Amino acid sequence: MRPIRLTMKGFSTFAAETTVDFDNVELLAFVGPTGSGKSSIIDAMTFALYGSVARYDQKAVAPVINATSQEAKVQF
């Protein structure tokens with residue numbers, strides 16, 4: 001499977017709707033300072049595919065909801 005687009009809103013560090021576009025990307029690296037959301041992008045992909053995030057309790061959804069949001073949405 002090749003990712004095309006990831007959209008997150010209220011998920012982890014992404015309170016506002018944020019889209020990562022993978023279209024026409026051959027090689028990808030997530031880089032940035034601590035707390036910028038690199039791991040959250042991987043968490044969002046995992047959550048969309050499997051319904052849970054590996055670094056949290058398998059049944060817990062609350063840890064992935066942004067503190068300023070009422071819900072988290074992920075489209076992959």
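A residue is called buried when its relative accessible area is under 20%, exposed when the value is over 50%, and partly exposed in between, as tested with a 1.4 Å probe and the protein chains only. By that definition Asp43, at 10% relative accessibility, counts as buried.

The structure in the viewer is a predicted model, in which local features need pLDDT of at least 70, side-chain atom pairs count only at pLDDT 80 or more, and totals for chains, interfaces and linings use all residues. Residues are numbered from 1 along each chain as its sequence is written, and side-chain values use heavy atoms, with hydrogens and water left out.

Please select strands E1 (5-9) and E2 (18-21), then strand E3 (73-75). Helices (H or I, at least four residues) and strands (E, at least two) are DSSP runs, numbered from the N terminus. Two strands pair if DSSP finds at least two bridges between them. Here three strands form an open sheet in the order E2-E1-E3, with antiparallel pairing. E2 and E3 stand at the edges with a single partner strand each, so one side of each has no neighbour in the sheet. On average, neighbouring strands are turned by 10° against each other, direction ignored; the axes behind such angles are lines fitted to C-alpha atoms, for helices over the stretch in contact, and angles run from 0 to 180 degrees between N-to-C directions.

Next, display E1 and E3 together: these antiparallel strands are joined by three bridges. Thr7 can be found opposite Gln75 in E3.

**Second stop: the salt bridges**

A salt bridge is a side-chain nitrogen of Lys or Arg within 4 Å of a carboxyl oxygen of Asp or Glu.

- Asp21 belongs to strand E2 and Arg5 to strand E1, and they are 16 residues apart. Asp21 is partly exposed at 43%, and Arg5 is partly exposed at 43%.
- Select Asp43 and Arg55, which form a salt bridge at 2.5 Å, N to O. Asp43 lies in helix H1 and Arg55 in the loop between H1 and E3, so the pair ties together parts that are twelve residues apart in sequence. Arg55 is partly exposed, with a relative accessible area of 49%.
- Select Lys73 and Glu71, which meet in a salt bridge at 3.6 Å, N to O. Lys73 is partly exposed at 48%, as is Glu71 at 46%.

**Third stop: an aromatic pair**

Rings of Phe, Tyr and Trp (its six-membered ring) pair if their centres lie within 6.5 Å; planes under 30 degrees apart count as stacked, over 60 as edge-to-face and the rest as tilted. This rule gives one aromatic pair. Select Phe11 and Phe47: the pair is tilted, at 5.7 Å centre to centre with 50° between the planes. Phe11 is in the loop between E1 and E2, and Phe47 is in helix H1 (residues 38-50), 36 residues apart. Are Phe11 and Phe47 buried or exposed? Both are buried.

**Last stop: the surface**

Finally, select Met1, in the segment before E1. Met1 is exposed, with a relative accessible area of 80%.
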